[in-house]
Amino acid sequence: MNSFDDREKAYEKKFAHDAELKFKATARRNKLLGIWAAGLMGMTGDKVDDYAKGVVLADLEEPGEEDVFRKIRGDLDEAKIEQSDHQIRRNMAELMDEAVQQIENERE
Amino acid sequence: MANAPFRQSLASDTPQLMAWVTYGVPYVVEQMGEAGYDAVLIDRQHGLGDQSDLINCLTAARAAGLPALVRPLSPDAGLIGSALDAGAQGVVVPLIETADDAEACVRAVKYAPKGMRSWGPYRSQLMTPHDDLDVVNAWTIACVQIETKGAVDNLEEILSLDGLDMVLVGPNDLATALTGKRDIRASEVIEACDLILKKARERNVFAAIFANDIDYAKPLFEAGWDLITVGADMSLLAGAAGEVVRTFKG
């Protein structure tokens, strides 16, 4: 895959046949994303878990994942952490890889 | 949730078609999936079969890729929890009259802090990430039926309950409650249905309805109900069987 756009398309294809995997992996991805962003913002200990939970909750607001992106974008801006939109979206795609792998490993 | 299967479909502009299975037979559930339905309801209130049949039907629903709701026998927290633990995505709870009745159902569906669902998702954890209860709460569908005069009178209060995801209108029972007859086309019944849809929309609660036949269902699709059932399995079979007999035996 050359870009995260390609990767997203590949996942959409995979997820079309496995809605359960999509649901579980997205929730896991959001948690991993929260842990990543919390690290950038210098959080430690329970604050990391609390923040990650907040990211999972942010995704409950509306269909699609723009709600998650907006939360990360807004929180990083507020904390004056430099990350481009592209970097955030790329990380969302990469963490989806990891989340899918984790969920699939747990199935075995 | 962004990707919660079924919830996303309900939120779309396209009404979802839900099969209504009363036979308690897994093969019927598979057939409904094959036919192209969007979801299935296993009816334990008036339907046939026992708990074991319910689990088999839910297994068939998962195999067929159909989100499954269960209508329990009564508004009982134990029966609600048991259906969810067996793998139902949600419940459609009958015989609700007051907001307190409805709230007790919501609390039986949702884990704390939203509710008091008991821990034991033995089969349902195959379908949801049970390490995060907020996600599970966002996956489950808490639905109560609006089919009694009390529920219509208390509609606003019921619809404002935190955690209530959907209401399902049963025009047959509603007609009996409002008119004393099973006249689902009575103006009081049609007006009540319209009001329920309007109020549910205002409160961002999904609106579902049971239609006895295709003619009754057509305006419901046009009105944009989120989830529509058109006849139960036994009436579909009886209708098709009756047509064969009428055609060849007169």
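Residues are numbered from 1 along each chain as its sequence is written, and chains are lettered from A and ligands numbered from 1 in the order in which they are written. Because the model is predicted, local features need pLDDT of at least 70 and side-chain atom pairs count only at pLDDT 80 or more, while totals for chains, interfaces and linings use all residues.

The contact between the chains takes 16 residues from chain A and 13 residues from chain B; two residues are in contact if their C-beta atoms, placed from the backbone, lie within 7 Å. On the side of chain B that touches chain A, two or more residues each come from helix H1 (7-11) and helix H6 (133-139) of chain B. Helices (H or I, at least four residues) and strands (E, at least two) are DSSP runs, numbered from the N terminus. H6(B) gives the most to this side, with three residues. By class, this side of chain B has nine nonpolar, two polar and two charged residues. Ala, Val, Leu, Ile, Met, Phe, Trp, Tyr, Cys and Pro count as nonpolar, Asp, Glu, Lys and Arg as charged, and the others, Gly among them, as polar.

Pro5(B) lies in the segment before H1 of chain B. Beyond residues up to four places away in sequence, Pro5(B) touches Ala19(A), Phe23(A) and Pro67(B). Pro5(B) is partly exposed because 18 other C-beta atoms lie within 10 Å; a residue is buried with 20 or more such atoms, exposed with 12 or fewer, and partly exposed in between, with C-beta atoms placed from the backbone.

The largest nonpolar core has 102 residues, of which Val40(B), Val91(B), Cys143(B), Val167(B) and Ile209(B) touch the most other members. Helix H2 (residues 19-40) of chain A gives the most to this core, with seven residues. Such a core is a set of buried Ala, Val, Leu, Ile, Met, Phe, Trp, Tyr and Cys residues joined through C-beta atoms within 7 Å. Among the residues that Ile209(B) touches are Leu168(B), Cys193(B) and Trp225(B).

In helix H5 (residues 99-109) of chain B, the buried residues include Ala102(B), Cys105(B), Val106(B) and Val109(B). An α-helix has 3.6 residues a turn, so residues three or four places apart point the same way. Helix H4 (77-85), strand E4 (90-93), strand E5 (141-146) and helix H8 (155-159) of chain B are among the elements that cover the buried residues of H5(B).
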